[in-house]
Amino acid sequence: MRTTQALARWSRDAARDALPLAQRIVATAAQGAEAAWRTFIGQQIEARLARVPVHPGPGGVDPFGLDLEWGKYVLAAVAFLHRKYFRTEVHGVEHVPAGRVLLIANHSGQVPIDAAMIGASMFFDAEPPRILRSMVEKWSQTLPFVSVLFTRMGQVVGVPENARRLLEFGEAVLVFPEGAKGISKPFRQRYQLTEFGLGFMRLALETETPIVPVAVIGAEEQYVNLANVGAVAKKLGMPSFPVIPQLLVPGLQLPLPTKYRIYFGEPMRFYGDPDDDDAVIEEKVWVVKATVQSMINRGLKERRGIFT
Amino acid sequence: MSDEPVAAEGRAAGSPRAPDARPPEPAVVITGICGRLGRRLARRLHRERRVVGIDRRPFPDRPKDVVHYPVDFRRKKTRDIFRSENTAAVVHLGVMHDPRVSATVHHDWNVAGFQKLLDSVAAFRIPKLVVLSSANVYGPRPDNPQFLPEDWPLLGGASFSEIRDLIEVDMLAQSFFWKHPETETVILRPVHIVGTVKNAASNYLRLPVIPTVMGFDPMVQVVHEDDVMRALLLALRPGVRGIFNLAGPPPAPLSRLVKALGRPQLPVPHALFQGALKQMWNMHLTSFPAPEIDHIRYVCMVDDRRAREVLGYAPLYSLEESVRAVDEERWP
């Protein structure tokens, strides 16, 4: 009986005192976050955002769903990963020409953080800042929250029609020609490029777009993938099912804080008929692939440690 | 003039045509004239052109100079109407899409009926045919390009078999376009039409609480019914032929549409949404079949550059105006 009364009194007190207190704490925290946003990272991001050329439609959203007002907090998180967590070194970002351009990079790391880091380099290190539009796996569109996050941050489904339209707008488009095979490659194949798709080269020829080769070093070691289990991937409808033992260790679900190094190469220009035979296109693709591979090899030779 | 007694003629009394007047100017025949869009088109068009409607439903507040034959367009009488009426154009709006009606009835109405209509158009060498298809024939899919061109494959039936007959209608019209160059065939594929119309999109936006799929907020296109009506008028101009995607104002995330309506949004996890909707569908509590959820999950947007350039089409209504037009009709 007494306990019930005590409980009733407690709940009444809680409703009267604790709830407003909790509300005040939440409000203070929100204010604090807003103030911190304004004084620390926010200012820089807002200043850079103001200089980004975008084509927003009604309600501040571009036709592909990019929404920088929504995305600026994500940019802050990406900035933290870029600067503090992965301590990214960026080389040669000044090689990226103004106007439409295709960035062709190696894909690695099980989770597409490499795309976010290349995007961060284009936003925080390039002058003027640019919003990179990357071509993503269509599977990502079937994932709740991920699909919204990707869309609002300016990522688009990797089909040629989308890339063509973005290039017509004069955007910088990131393509990983290795696709899903590249990002989920097992640890023993790290830094060995898998087969390149040919689509990006046809697109570059058709739209006369310069290609900037990009090499990302450091992503391969963030998650150690022992092997891909194709049968499980097929069953779950995923592009691949990597075996990553570290995910079972508490606290290691986060990627390992390797040091990222991103190298932007000199722009390459290709000319020819976009509808040529695969053999002709393959030769041109091979040139790009060899360039990316040699940039990776040079980067690997230069680095002294995975984490430093 | 027609000596042949057309059964509808008696009921279509009120037609101002006297039997001994000069031969009437060629008419625009509208199938499905009694739908919301058909009535709007008739009210707009009857001031410039002679309008003849075929629809078994009643036509309330029919303008006096619009002739209405209350017959089923699949019946042989339709042919008699074409024989007696000098026809300049046929506008086919009479596509049935009621997910509660069986696939057999749908097929008989939409495909077999439309084929008969096409036969009449060919037999009477009618110079113009306008078919209102839909952008739904492309289908919402995760691997869709952001803006689908007219020559994109029609994959809408892959995940939602009930709309296969609508794809067939589109295909029949396409093959008619190639087989009968003497008829200017126009196929319009509008995105979700919103307004007083009673289609799935408008009914969805009329819900008092709008459920969405948690973690999904696809970009969507809507078009105001009057913008579609103006596109139909543009399609009736001589010389226009081909397939045209129709979009309204620039696309926006679904959540913006809900916000513009000022109604609460209820995000529901996909598995729960699908399960609940299937149950409600089986219990006749909803008019939305479960596969339609994909429309609020994946993109199905069109590239309307061809309509803008060739048809001279430009939507007049803004996103807010278009979306709010659904409230002109009370729910449901």
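This is a predicted model: local features need pLDDT of at least 70, side-chain atom pairs count only at pLDDT 80 or more; totals for chains, interfaces and linings use all residues.
Trainee: Which residue of β6(A) is the bridge partner of Leu103(A)?

Mentor: Strand β6 of chain A spans residues 211-217 and pairs with β2(A) in the parallel sense, over 4 bridges. In β6(A), the partner of Leu103(A) is Val212(A).

Trainee: How many residues of β2(A) are buried?

Mentor: A residue counts as buried when 20 or more other C-beta atoms lie within 10 Å of its own. In a regular strand the side chains alternate between the two faces of the sheet, so each face has to be checked. On one side Val101(A), Leu103(A) and Ala105(A) are buried, and on the other Leu102(A) and Ile104(A) are too. The strand is largely enclosed by the rest of the structure, because the buried count is 5 of the 5.

Trainee: Which element gives the largest share of the side of chain A that touches chain B?

Mentor: In the contact between the chains, 20 residues of chain A meet 19 residues of chain B. The elements of chain A giving two or more residues to that side are α4 (146-152), β4 (156-157) and α5 (160-168). The largest share is 3 residues, and it comes from α5(A).

Trainee: How many residues on that side of chain A are nonpolar?

Mentor: Sorted by class, the side of chain A that touches chain B has 7 polar and 3 charged residues. The nonpolar residues there number 10.

How values were computed. Residues are numbered from 1 along each chain as its sequence is written. Chains are lettered from A and ligands numbered from 1 in the order in which they are written. Two residues are in contact if their C-beta atoms, placed from the backbone, lie within 7 Å. Ala, Val, Leu, Ile, Met, Phe, Trp, Tyr, Cys and Pro count as nonpolar, Asp, Glu, Lys and Arg as charged, and the others, Gly among them, as polar. A residue is buried if 20 or more other C-beta atoms lie within 10 Å of its own, exposed if 12 or fewer, and partly exposed in between; C-beta atoms are placed from the backbone. Two strands pair if DSSP finds at least two bridges between them.
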